[in-house]
Amino acid sequence: MQKILLKKFLLTKVLISTVILNISCNEDIKVSDCENISGFTINENKINNKVLLIGIDGLRSDVLNKENSPFLYNLSISKFTYVNYNHIVERPTISGPNWSSILTGTRVDKHNVSNNNFSDNSLTVYPSIFHYIEKRAPYLKTSSIVNWSPINKYIAIDADYREMKEINDLEVYNIAKENITSSSSDVMFLQFDELDIAGHNFGFSKNSNEYCNTLKMIDNYILNLHTLIENKRKLDENWMFIVVSDHGGDGISHSESENIHVNRTVLILENPHLKFRTTYISSMSDIATTIFDFIGIEDNSFNCKKDGISLIKK
């Protein structure tokens, strides 16, 4: 009888210890804990890799097809590509929160960008990828070239080159083309905004000629930029090519966060030397983590704060 009681006591003690351990392991890490974490590693086999991250504001997934965006469609079916037409959008389904999550690797409840005026944000605590690159590998050249200027005013503040004046999509394309041709950027972010404008004015729909024609124009810009990247690859430069949108749209709005045409959008990753997690359903915070994995920067503070995972298959 004493042996049975002893066994029950020991089993109960183990179960209690296990529960306590699980609760402890699942507790949220405090920001102050992350701030006190230092240290980083650079993978010398990856640090010379390069990234072109292209953002298309307001791209509705079902409008990307052979007719409206022939280049992006062909890229999406390449054997070297990860594609997700159900890429998960942050809520609220507007630009500020989603470009912030894309560039910081964290969700809205951390970076605290919940609107388009960036009031009460926590971007100094959860900074963009450019902050970590500048801190850990300052010899890398970074740039952020955007039509929607709040991105560069609030998020991409640590990029070596950031265009601060108001520019249109054609100017974004021309500056990017020059930077790639002149080897002025190792990690480059672009944002095209005119598709979103067309959606608000004429409808986010494959039945809107204005919306579809704007997408065709941006698709052609991206085709030309990809051609430049292919030329760089022929010179043994290893580029990752990424295309993502911040949200979809329906009617002339993207405020209905429960609407699947709004809260899902497109993500495309392409590199001829990598394998991707093709069955994984991506979200905004995965992009920054994937970029750091690709260029070989392992920053302990970022890893403590991030919400995303790398989409590169090990």
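Analyst: In this predicted model, residues 24 or more positions apart account for 71% of the contacts in the protein with a separation of 6 or more, where a contact means heavy atoms within 4.5 Å.

User: What is the mean pLDDT of the protein?

Analyst: The mean pLDDT, the predictor's confidence in each residue from 0 to 100, is 91, and 90% of the residues reach 70 or more. Over residues 1-27, however, pLDDT stays under 50, and the model has 0 contacts beyond four places in sequence for them.

User: And what is the order of the strands in the open sheet?

Analyst: The open sheet has 7 strands in the order E3-E8-E7-E2-E6-E4-E5, with mixed pairing; strands are DSSP runs of E with at least two residues, numbered from the N terminus, and two of them pair if DSSP finds at least two bridges between them. Strand E3 (81-88) and strand E5 (161-162) are the edge strands, each pairing on one side only.

User: In which sense do E2 and E7 pair?

Analyst: Strand E2 (residues 50-56) and strand E7 (residues 239-245) pair in the parallel sense over 7 bridges, and Leu53 has Ile242 in E7 as its bridge partner.

User: Switching topic, what share of the residues is buried?

Analyst: Of the 314 residues, 51% count as buried, meaning under 20% relative accessible area with a 1.4 Å probe, protein chains only.

Notes. Residues numbered from 1 in each chain as written. Predicted model: local features only at pLDDT ≥ 70, side-chain atom pairs only at ≥ 80, totals over all residues. Heavy atoms only, no water. Buried < 20%, exposed > 50% of the residue type's maximum accessible area, 1.4 Å probe, protein only. Helix = DSSP H or I, 4+ residues; strand = E, 2+ residues; numbered from the N terminus.
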